[in-house]
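Me: I have a model open and would like to go through a few of its local features. Could we take them one at a time?
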Amino acid sequence: MFRRSSYASVAAGNAAGSGQQQNSGPTRSGAFSHLVNSSTGSQTSPVFYSNQARQHARPIDADGHHNSMSTSWGRGGPLPSYGSQAGYLNSYGVGAQDGTASSFFVPSYLRGSKYAEKLEEVHRARLATQRDYRSNHSSNAGSLSTSSSSVNLHKMAPSYRGMTHDIIERAPPFVDEPIAPWPTRWSDLDKYQQLEVEDGGRQAKYAGSQKSHDEAASVRADSPMPRQCGIYYYEVTVVSKGKDGRMIGVGFSGPKVPLTRIPGWEPESYAYHGDDGQSFSNTTSGKPYGPKFSTLDVIGCGINFRTGTAFFTKNGVYLGTAFRDLKTDRQYYPTVGMKKPGETLRANFGQEPFSYDIDAMVAAEKAAIMADISNIAIRPNPSRITDEKTFLHALVGQYLAHDGYVETARAFGEEVNDEARALANDGDVDVGYTEAEEDVDAINRQKIRAAILEGDIDKALKHTNAYYPSVLRDNENIYFKLRCRKFIEMIRRCNELNAQCHPPTPPSKRSTASNGFSNSANTDDYDFEMELDEQLGVHNGAPQLNIDSMDTEDELEDKEAKLSELTDETIRYGQDLKKEFAHDPRREVKRALEDTFALIAYETASNSPLASLLETGGRVPVAEELNSAILVSLGKSSSAALERLYQQTEALVSELAEDGGPGSFINVRRDILL
Amino acid sequence: MSSSTVSVSAATPTQHPFQMKIDMIKPSKAEINFVVMDYLISEGYPRAAQKFAKEANLQLPYDQQDGIHSRVEIRNAIHAGDIDTAINKINDMNPQILDTDPALHFALLRLQLIELIRTCTATANADITPALNFASAQLAPRAATNSGFLKDLELTMSLLIFLPSENLQPQLDELLKPGLRRSVADRVNEALLLSSNKRGEARVRQLVRMRAWAEETARHQGKDLPPALPLGLQVSPGADGVMDDAMVP
């Protein structure tokens, strides 16, 4: 560790100087870089939308949006971030029959929110179901192609540390209750009859005859404005104000409000009218509110559910609060109304960038809530001797002991005690943290975990069966995952041997890589070392090449023999595995098998689309799941206090989000954990 | 420790619906581990961080070592009352921190004054001149600019009158307790972290705070919650297991 750092700093000059380079390397090493660098953009959030954007979009994002990225992707910047533009790409020119599935988009101001994440999960699940349906119903769908596409789908949600999400180890997202979608288009049904909805639901045009003073033609969007957003916002462009009028109303209304009236005039409807610039709520008498609007003006309409207020914008300018005390238990649909023939309005429900910087408003709302949170005093209860620091010591210490990090727990206990001793100058102050007593179980669990993390699944299975014979019997899914993991580890070993037998010939590309060294070297110490090795190789290796290969010929043969032996063994093991679980009806088991077996199809699986399966990071979830199962079998709680703290926080915040309260603006995992 | 983990469901035969919502949330171990590592590094537990990197198969940021060790040294110096050393080391790390944060600088100097007073008054007829000199040279000019500083300085100086004494007023007694050193050390650590990155506070602290805020807000809004949300953490034998109510203001 020290050695690497000194190399890096010597070779790269100001090694840790600029943050953006952190982003172009493998991301795991950058995970703690926020503690090192002053201007890292490496808090980059995962890009959800498209596969091809996944790897490449990340550095672009970070470079282009250094400041905005740290709070949440793309939020706060006047332009949409590049990565998220993939979200827009999908939304156009899609065949009607597939429309609902593929026109999924996330409004910019909701990106990174918990609510958007949930809807994305639903969307992905729907795509997966469709895919299953298709693959089950098309006779010539080879198993290879379907399974590789399934991997791509799963890769849409990468962790930026690249270790948590894995198709085999991760349970399918659990969707507990239906999640209300956001509006996506004008409704084909919920409209005045002579109003035409065009362009995939984006445009509404009045095609009837001129309306009398009282009447109008209105249309509502397909879904109500969801409270979970906290703030919901949409925009409408006046494409044409029709012949000689601009009696246009933009706003929102309840589901039962008559569509023969301009919004704002009926109870439970609210709108901003273009002809007089007035705001109307539930009545025909308006209040002076903003400027008039007409052709080519962009009118925005938003509700802040937390404060129960609504506002409008015109051409990107905020016009102030229009309505207060909105009822919290009603559903409000985006609604527009018009009167003159030919009047045409085009809606933007988030498919395109907004003209008003709504992202900034949402970010400010969130910042205010986060400030409230950081100001909350964790006052120690006077009747107890604990304070926040002691509490945190206990929390972390208990986690380490609970999860079997024996050595860490010991070191932590020592350091905390040292700290307490240094502080207690008289030596009689209560040492807050008492070292966890170590039990045999903790050590056994640590052994098992270590074995899995080293990739030695057999050892883990042996230990588990010896110490906790019931665990694998009772947790068949974990047993299955371990077996799969073993298969993957065997393939890994084959790959490694294969690479040694057939070392990739260093093409000229490599030397350019080391020429471009100064640009890329400090991205990651691993990269760096590789390149260093290459440089050395170029130096010493070239003249001695022949001798080297002579010397190692025997060895090579040896290795090749080993490789073919191992390959046979792997295939045999795979067949056994398949036999054992072939008749398992569970979908996730089937898919896991499919994906795992697809790995064999590639000669060098590490370059295949399935390479992520081979990552050593995939060992972690298996190890943790087994550890939890052992804890449960011992009658202990499967989760430590720290985990419960997280669970409670998440649950409490989502409780505060359901009705559009302050929780809507918080995404616990993204805001704190990542 | 093992007795501290209580099964959630075992105690209550009928579960509160909110408890089920809690149980449905499955935190990823890798992410929790990340939070723990973040805590060990930002709060300065280098040995534990190293062990944890090994045991949990995490990567330690390679040039973290220097920073964490300096921060630990500074913390230890403050804890031991050696403020001079601490200030020097802080300036070695980043000379601008104290210049840009007068309150922090003042807090450190006041701590130094307290230590001086402590030594000056250790014996009945010791010389208090060093403390007086230090106060007038270092603290008085700063106190003149800020009424809060002035108040703190006055309070601190009154120690000279009362010490040595067994029965100080609580306000004065606080000044002599290790808690003050600890809180100043924490503030220094936070400032050092902030000066090298954006997040000054360990994630787990934010999590604790967010949980406290969320529970308070939710109860205030009359959400249907169980009367208590225990973490199952026993802080110390005397504290009968519940830390949660100590977290709610």
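Predicted model: local features only at pLDDT ≥ 70, side-chain atom pairs only at ≥ 80, totals over all residues.

Me: Which residue is the bridge partner of Ser253(A) in strand 13 of chain A?
Reply: The partner of Ser253(A) is Tyr333(A).

Me: How many bridges join strand 4 of chain A to strand 13 of chain A?
Reply: Four bridges link strand 13 of chain A to strand 4 (residues 217-221) of chain A, and these two strands run antiparallel. Within this pairing, Ala217(A) stands opposite Met338(A) of strand 13 of chain A.

Me: And is strand 13 of chain A mostly covered or mostly uncovered?
Reply: Strand 13 of chain A, residues 333-338, is mostly covered, with six of its six residues buried.

Me: Which residues lie on each side of strand 13 of chain A?
Reply: Tyr333(A), Thr335(A) and Gly337(A) are on one side, while Pro334(A), Val336(A) and Met338(A) are on the other.

Me: Changing topic to helices. At what angle do helix 13 and helix 15 of chain A cross?
Reply: The axes of helix 13 (residues 457-467) and helix 15 (residues 476-501) of chain A cross at roughly 155° and come within 9 Å. Angles over 145 degrees count as roughly antiparallel, so helix 13 and helix 15 of chain A are roughly antiparallel to each other.

Me: Which residues meet there?
Reply: From helix 13 of chain A, the residues are Ile457(A), Asp458(A) and Leu461(A). They meet Tyr479(A), Leu482(A), Arg485(A), Lys486(A) and Glu489(A) of helix 15 of chain A. By class, this contact has four nonpolar, four charged and no polar residues.

Me: One last topic, backbone angles. What is the phi of Glu268(A)?
Reply: Glu268(A) has a positive phi of about 65°, although it is not a glycine. Most residues other than glycine have a negative phi. Glu268(A) is located in the loop between strand 6 and strand 7 (269-273) of chain A. Its relative accessibility is 28%, so Glu268(A) counts as partly exposed.

Me: And where does Asn315(A) lie?
Reply: Asn315(A) is in the loop between strand 11 (309-314) and strand 12 (317-323) of chain A. Asn315(A) is not a glycine either, yet has a positive phi of about 50°. With a relative accessible area of 37%, Asn315(A) is partly exposed.

How values were computed:
Residues numbered from 1 in each chain as written. Chains lettered and ligands numbered in written order. Heavy atoms only, no water. Buried < 20%, exposed > 50% of the residue type's maximum accessible area, 1.4 Å probe, protein only. Pairing = 2+ DSSP bridges. Axes fitted to C-alpha atoms, helices over the stretch in contact; angles between N-to-C directions. Parallel < 35°, antiparallel > 145°, perpendicular 65-115°, else oblique. Contact = heavy atoms within 4.5 Å. Nonpolar A, V, L, I, M, F, W, Y, C, P; charged D, E, K, R; others polar.
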